[in-house]
Amino acid sequence: MIRIRTLLASVFTACTLAAFPAQAQYGGAVPVSDIDPTIFHIDEKKHLGAKVAGDVKLIDGLGQEFALSDKLGKPLILVLSYYSCDGSCSVINQDLNAQLEDLTGVTPGEDFNVLTISFDEHDDLASIGVFKQHLQMTESMNGSWTFATFKDKEQIKPFTDSIGFNYFWSPQDRTFFHPGAFMFLTPEGRLARVLYALNSAPKDIKLAVFDAKAGAFKPTDIVDYAISLCYSYNYAEGKYTLSIPLFVGVGALSLGVSSFAVSVLFFRRRSRGRLNS
Amino acid sequence: MSTPTTTAGHAAAPAWKEWVLTTDHKRIGVLYLVGSMAAFGVAGLMALIIRYEQMELGMQFIESGTEYNGYLYFHGAAMILAFLIPGLTGFAANYFLPLMIGARDVAFPRINAFSVWLFFFAIILALLSFIVPDAPDIMWTGYPPYAVTTAANTSLYVFTVHLLGFSSILGAVNFLVTVIYMRAPGMGWNQLNVFVWTTVAAFVIQLVFIPVLAAAVTLLLFDKYLGTHFYDPSAGGDVLLYQNLFWFYSHPAVYVIFLPAVGILFDIMATMAKNRVFNYKVAIYAGIWGIVGIAGIVWVHHLYIAGMPDWIRLGHMVTTLLISVPVGLLTISLWGTLYKGAITYNTAMMYAASCLYLILLGGLTGIPLAIPSMTLHLSETSYVHAHFHFIMALFSAFALFAGIYYWFPKMTGRFADGGMATFSFWANFVGVNLTFWPLFIIGKEGMPRRYWDYEMFKDVQVMGYSFEDYHLIATIGAFIIAIGMITQTINFIYSAFKGKPAPTNPWNSRSLEWTHTASPPGPGNFGGTDVVVDENWSPYEYNTK
């Protein structure tokens, strides 16, 4: 909770600081934004189920080359950021980091992998290092979370387009505008769920991991899996909410049985009454 | 002209009032029969319209897809909810179950009367579909999002389901208490007619599962008219959950129809073959209760193409195939009951025997639909349509007709057998085969269900014939069925008043409804003497060697 507050405070501070130049430029008037807000969302209707290119080559923070498919085989939380970002990227990754630390029942590295890839072709090993240092990740998280860049810059756009991740460079703001999304891929690399930074809780992360597992779970996970069935993903709110119809349906199961029990009691009492009279 | 009086000297109520206010289970049974047959008639008319529309490519009779959907809706909803279930668990159970167990009435006669009138209100509500300008067009399944977004009147569907569901729950409670507490003294559980067992099993299924359907459609109503989003994924709802809740009841509902139909067959076959029921205890405890035990864990095979983890598909494939074991045990018992029997082939027995063919065909064609890899191809085709008509609609309707012919002398004191009965049986039997075999063939080739036209298949040939040719045969079959059913209805009405008088026990049955009651049975069923049976008594006491 403290971490979330810290993150929110950071975002607030960043926005406040950013407002000073804006104040100077616009003289106190609130500028009308001409940015299409849909850019900050991934069109799930269109892209859920889309398969990412597993053969795309990436380079990690140690300079080692690997294919995206090397991180698959289990669910993968994919974050697309850029490492020279001085705005939301660190907030997005810090938020995920904080949530993963509070996660129970599923373990990063064991039940799923985490991969942050930069979509900025200018990022390199040095910027990965600075970015990671800024995140102050724990050692355990370090082992299961890979930060990488694309080896072939030509693959960036087709890759991001394939899962509906839109972004653009604003020369005026000297920043990329992009969604703050956690994209959950199935072990086969299909987009299964999208959550948004600062809008999700560890519970949502866990449920999204279960969704990405596509029904595969260990016997020890059976209780967690059963609990996951009680929730459904709310596309409007970008988080999981209790599935009320399921509870109504299960509750209804008892209606017939209890009406039978009441009838038996009534019949027996009536029969006893007749015998006594 | 003198006023009719009762034995107590009071003025007798007019006949219509006696029927409207009756709490006699036999009259209530007859009311269910009349209501369900009326629903069958209208649903059958819808089927003829559907078939006529599909007879040729292009528009024949129907002016829009919405209108076609309306006919599909009424046909499906009326056949299942207003004909098969009330016909078997309403009519047959009401009239004969108390007689079979030696009870003078049911446990809660007034509740019984209330449930039949709920049923009639539901039928009236369903018939309103023909009057309101925006009739429901959501099939009998009512799937969202279409059921929510359609301009048609989904509430008529929901309230019809509510009334029928409430009626069924009341009926289930009533009959379960009746069988548990009102059996004739000395009558043990292993001395019950198979029909009683199957009806009890059907009511257990109704009691457990039908509230889930009622809950599911209530939330559908809220989504459509109150703006909630229970089934709207864009606002946190779960559209697939409706399908799960719907089929969680509606697949077991197949057994609510199937089981009493099997029970009727057992009683007819044992009587007509003068044989004991073969493997009685296996049929009851492994067959009937095996079906009840598995009925609630097979529904997902209706959703194989909806997207789900493979292990769920696999699990439900196993349970769906597994349910063929108890069904197979019941079928073996039916055949065994006929084995070396002195079989009397009357109309009831002809219908019953044809059910052995229908269950075999319907059962075997269901195997591919239990297997996900094959369902992916066959789902939503007319193959499914033909399959469920054979295994559920035709099998159960033929069993019900068998039951009506079998018990006709008990209900009216007259036979319904004769030339018209034989003609109508053969017309129906030939008609159903002509109607549904072609649908298997073109369904396997991809003919979709619920389509009012099939322009996209106009150049496809199957075994040298076009889809249109197969649809033509199916339509001819449907009209032959119509001739059979009209003849049969005329025969029932004629025989009820002018039929050949029947003795009290024309089939020499050992079952209590034949041996201990007049035809038709009077008030109180058994005259002045209570029925008592000894421990050796059996309703199938034919060959005791």
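**Figure 1. Chain B, with its 17 helices and two strands.** This is a predicted model, so read every view here with that in mind. Chain B has 545 residues, and 56% of them count as buried. Why call its overall size globule-like? A compact globule with 545 residues would have a radius of gyration near 24 Å, and chain B comes in at 23 Å, which agrees. Run along the principal axes and the C-alpha trace spans about 65 × 50 × 50 Å. If you take the contacts in chain B with a separation of 6 or more, 83% of them link residues 24 or more positions apart.

**Figure 2. Inside the largest nonpolar core.** This core holds 194 residues, and the members that touch the most other members are B:A78, B:L265, B:F395 and B:A402. Let's zoom in on B:L265: once you set aside neighbours within four places in sequence, B:L265 is in contact with B:L334, B:A352, B:C355, B:A399 and B:A402. There is also a second, separate core, made of 50 residues, with A:L80, A:L100, A:F159 and A:M183 among them. As background, nonpolar side chains tend to be buried together in soluble globular proteins.

**Figure 3. Where chain A meets chain B.** How many residues does each chain bring to the contact? Chain A puts in 25 residues and chain B puts in 30 residues. On the chain A side, β10 (231-234) and α9 (244-276) each supply at least two residues. Helix α9(A) gives the most, with 15 residues. Sorted by class, the side of chain A that touches chain B has 15 nonpolar, nine polar and one charged residues.

**Figure 4. Chain A, with nine helices and 11 strands.** Chain A runs to 277 residues, of which 31% count as buried. Among its contacts with a separation of 6 or more, 72% are between residues 24 or more positions apart.

**Figure 5. The seven-stranded open sheet of chain A.** Reading across, the strand order is β2-β1-β5-β4-β3-β8-β9, and the pairing is mixed. Which strands sit at the edges? They are β2 (65-67) and β9 (191-196) of chain A, each pairing on one side only. From one strand to the next, the twist averages 35°.

**Figure 6. Strand β1 of chain A and its two partners, β2(A) and β5(A).** On one side, β1 (residues 57-60) runs antiparallel to β5 (residues 145-150), and three bridges join the two strands. Look for A:D60 opposite A:A148 in β5(A), and for A:L58 opposite A:F150 in β5(A). The pairing of β1(A) with β2(A) is also in the antiparallel sense, over three bridges. Here A:I59 has A:E65 in β2(A) as its bridge partner. β1(A) and β2(A) form a hairpin with four residues between them, and A:G63 in the turn has a positive phi of about 85°.

**Figure 7. Two helices against the sheet of chain A, α3(A) and α7(A).** Helix α3 (residues 88-101) of chain A lies across β3 (76-81), β4 (113-118) and β8 (181-185) of chain A. The angle it makes with β3(A) is about 165°. Helix α7 (residues 202-212) of chain A packs on the sheet too, touching β8 and β9 of chain A. The direction of α7(A) makes about 170° with that of β9(A).

Figure 8. Is A:V209 buried or exposed? A:V209 counts as buried because it has 25 C-beta neighbours inside 10 Å, and the cut-off for buried is 20 or more. Not counting residues up to four places away in sequence, A:V209 touches A:P75, A:V106, A:D111, A:F112 and A:F184. A:V209 and A:I77 are 132 residues apart along the chain, and their C-alpha atoms are separated by 8.2 Å.

Figure 9. A:D43 has 12 C-beta neighbours inside 10 Å, so it counts as exposed. A:D43 and A:F210 are 167 residues apart along the chain, with 21 Å between their C-alpha atoms.

Note on methods:
Residues numbered from 1 in each chain as written. Chains lettered and ligands numbered in written order. Predicted model: local features only at pLDDT ≥ 70, side-chain atom pairs only at ≥ 80, totals over all residues. Core = buried A, V, L, I, M, F, W, Y, C linked by C-beta atoms within 7 Å. Contact = placed C-beta atoms within 7 Å. Nonpolar A, V, L, I, M, F, W, Y, C, P; charged D, E, K, R; others polar. Pairing = 2+ DSSP bridges. Axes fitted to C-alpha atoms, helices over the stretch in contact; angles between N-to-C directions. Rg over C-alpha atoms; globule rule 2.2 N^0.38 Å.
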